[in-house]
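Please consult the sequence and the structure while working through the points below.

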Amino acid sequence: MNIIDFLLQHSPALIVAIPLLGAFLTPLISRINNKARNIFVILILGLTTSIVFLLANDVFAGNIHTYVFGSQDLALPIVRILFEVDAMSAFMAIIGSILALVAVIYSWAFIKENTGLDKFYTLILLTTAGMFGMVLTGDMFNLFVFLEITSIASCALIAFWTNKGKSVEAGFKYIVISSIGALFLLFAIALLYGQYNALNIATLANAIQFSFLDKIALVLLIAAFAMKAGIVPMHMWLPDAYSKAPASVTIVLVGATQASLYGVFRVCFTLYGNTINLSPASIGWIIVLLGLITMLLGVAMALIQSDFKRLIAFSAVAEIGFMFLGIGAGLTVLGNAEMMAAIGIPAMSGGVFHIMNDALDIGLLFLVAGAIYYATRETSLDKLGGLARNMKYTTVFFIIGLFAVSGIPPMNGFASKLLIYESTFQLNPILSIVAILSSIMLLAVFVKVFHSVFLGPSLPKFKEVKEVPKSMLIAMGIIASIIIVFGLFPELIINNIVEPAVSALVNYGDYIREVIPTFTGGI
Amino acid sequence: MSMLETLLGTFQTGSGFWNPIVWIIVAALVFLITYILRGFGNKKYKKGTEQVKSFLSGNPEYEKEKMHVKGSNLFWGFTESLKWIFDILHKMHTGNISDYVLWFVIVMAVLFLLVGLM
């Protein structure tokens, strides 16, 4: 067995273990010096990203990977944890790895004036490990544990600027909301465990009956994950947390939020996939409705914000609505092969592609906001202006982010939104009208930012402002480059990355059969 | 199909298509035509005279630093006419953690109702 095969075989475990081990080693490496620590963290995440891509390459070819911690013999009553990686898991892991790697590159200069950086990087690695664990695990209780790891580490990161009262307040709100969500999640898992004596997702999906208790568990799971994903009206923690955390933390939080979104999809499609067919349209329409409300409210609130980061945070809420709309539209026709091919698959492709696009677009805009704060120590749109003269590269990155998030061709956001508009129009024209209206309002929101921050006369107080350091420009450049490539070659991305992920969600039977070979349900 | 053909391929959306490369070529042509048309413009204006000053309904021009329109002032007409909606949205966002939890409970109750009816 060569090294590549070895890495591939153990990749599900390594993707979580490497950042976890790195997190505990970071304080020790910090003892040498700060530069060594920064290089170490970048190497750790670079290595993890490489393994994620290695695993994803194999998974996208059609192979589902399982990894058992504990006894391989399923007949033995021994505690074991099973990781199961299908294309959707790999897709989410790719997003998480890119965001985490970019975050630490950006942090090199952005956060260097602060103290307690050994703890900062440890927490970044812990959040990343938790995020990977959430999307790779095939065990419900394990999912809860990783959700908790992510939440606790994220809370400390949000409150990292402890000298600012509002950051601490945002961290407090985040941990209260996360804990309540996690408690309901644990309760739902207990309900399932009590009935079926199993925690493995595939085993539960095989056994689930859609009984009264299962329905209660379904509501608790969707509500808990949807709150963590920032669905309206449970989104209110999100603008507080996103706007008060350092920019490099916010981009990791975007990944953590999307891991919760993955939780909603895994529950609806895989865990309840076989029984939700009893009335798939109802669940699908609930998700579509939540998506529409999220889009409209998010973008309306963004329009009236005067704080740069809070405005982007509300835009991030609106973007989550687009994903819910696409995936929900797919769920409404799940079980109807003809409708699925005509509407469901394109809608879900748009929704899943938009998860990736949103992470990149909103991530880039948060990094730009961080760069503006780094250079001016200001985030109020009323006090900023004329910065395009002093920060040319940052301005270009903002324009790329603006075009991408508003769905302006030829950026990546256009391709995913086009899929959502077309497919939802066939389901109900009002859905696509609301989606297009929200997109136009998003453009208006970011045109406002562009005018307020970058255009206008050079203000005397910003005469001395200079472009941000190279590490921050490189981080923004990486994301901007991916946005452009995804925008120019959407077919390549959709065929090779998005469609396998959509297929994994729709053909949930494959996921279950990997653990329960006798499973006969599924599409 | 070669790699180049794959990269330049038209993306079929199901009921439509999208080719960013063609879009960029067309956009570049439009910019080129616009630039050529701009070249036909009148170049005989006098620099540094009244001709190049902004006309603000006969009012004097302020210093440039004071002319910047603030972020809060943009889309004033839109936000003012829909003030009642934005007021409701503002009131929803109290910043109080108890209210955040209350919304979670409300959503859960609605979901219980909807799933219970299934």
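A:Phe210 is located in the loop between α7 and α8 of chain A. This residue has a positive phi of about 60° although it is not a glycine. The model is a predicted one, and the points below begin with such local features before turning to the chains and the contact between them.

**Backbone features in the loops of chain A**

- A:Phe210 counts as partly exposed, because it has 17 C-beta neighbours inside 10 Å, and a residue is called partly exposed when its count falls between the limit for exposed, 12 or fewer, and the limit for buried, 20 or more.
- A:Asn197 also has a positive phi, of about 55°, although it is not a glycine.
- The position of A:Asn197 is in the loop between α6 and α7 (201-207) of chain A.
- A:Asn197 is exposed, since 10 other C-beta atoms lie within 10 Å.
- The peptide bond that leads from A:Val232 to A:Pro233 is cis, and its omega is near 5°.
- A:Pro233 belongs to the loop between α8 and α9 (237-244) of chain A.
- A:Pro409 and A:Pro410 are likewise joined by a cis peptide bond, with an omega of about 10°.
- A:Pro410 is part of the loop between α15 (392-405) and α16 of chain A.

- A:Lys463 is placed in the loop between α17 and α18 of chain A.
- A:Lys463 is exposed, for it has 10 other C-beta atoms within 10 Å.
- A:Lys463 and A:Gly386 are 77 residues apart along the chain, and a distance of 9.5 Å separates their C-alpha atoms.

**Overall form of chain A**

- Chain A contains 20 helices and 2 strands.
- The radius of gyration of chain A is 22 Å, close to the 24 Å that the globule rule gives for 523 residues, and chain A is therefore as compact as a globular protein of that length.
- Along the principal axes, the C-alpha atoms of chain A fill a box of roughly 70 × 60 × 45 Å.
- In chain A, 62% of the 523 residues count as buried.
- Among the contacts in chain A with a separation of 6 or more, 79% are between residues 24 or more positions apart.

**The strand pair of chain A**

- Strand β1 (residues 65-69) of chain A is joined to β2(A) by 5 bridges, and the two strands run antiparallel.
- A:His65 has A:Val85 as its bridge partner in β2(A).
- Strand β2 (residues 81-85) of chain A is largely enclosed by the rest of the structure, because 4 of its 5 residues are buried.

**Packing of two helices in chain A**

- Helix α16 (residues 412-427) and helix α18 (residues 470-488), both of chain A, pack at an angle of about 45°, and their axes are 6 Å apart.
- For this reason α16(A) and α18(A) are oblique to each other.
- On the side of α16(A), the contact is made by A:Asn412, A:Phe414 and A:Ala415, while α18(A) contributes A:Ile483, A:Phe486 and A:Gly487.
- By class, the residues of the contact of α16(A) with α18(A) are 4 nonpolar, 2 polar and no charged.

**Overall form of chain B**

- Chain B has 5 helices and 2 strands, and their order along the sequence is α-β-β-α-α-α-α.
- The radius of gyration of chain B is 28 Å, well over the 13 Å that the globule rule gives for 118 residues, so chain B is more spread out than a compact globule.
- The box filled by the C-alpha atoms of chain B, taken along the principal axes, is roughly 75 × 60 × 20 Å.
- Of the 118 residues in chain B, 7% are buried.

**The contact between the chains**

- Chain A gives 50 residues to the contact and chain B gives 41 residues.
- The elements of chain A that give two or more residues to the side touching chain B include α6 (165-196), α8 (212-229), α12 (280-303) and α14 (337-376).
- Also among these elements are α16, α17 (429-454), α18 and α19 (490-506) of chain A.
- The side of chain A that touches chain B consists of 35 nonpolar, 9 polar and 6 charged residues.

Technical notes. Residues are numbered from 1 along each chain as its sequence is written. Chains are lettered from A and ligands numbered from 1 in the order in which they are written. This is a predicted model: local features need pLDDT of at least 70, side-chain atom pairs count only at pLDDT 80 or more; totals for chains, interfaces and linings use all residues. Axes are lines fitted to C-alpha atoms, for helices over the stretch in contact, and angles run from 0 to 180 degrees between N-to-C directions. Angles under 35 degrees count as roughly parallel, over 145 as roughly antiparallel, 65 to 115 as roughly perpendicular and the rest as oblique. Two residues are in contact if their C-beta atoms, placed from the backbone, lie within 7 Å. Ala, Val, Leu, Ile, Met, Phe, Trp, Tyr, Cys and Pro count as nonpolar, Asp, Glu, Lys and Arg as charged, and the others, Gly among them, as polar. The radius of gyration is taken over C-alpha atoms; the globule rule is 2.2 Å times the number of residues to the power 0.38. Two strands pair if DSSP finds at least two bridges between them.
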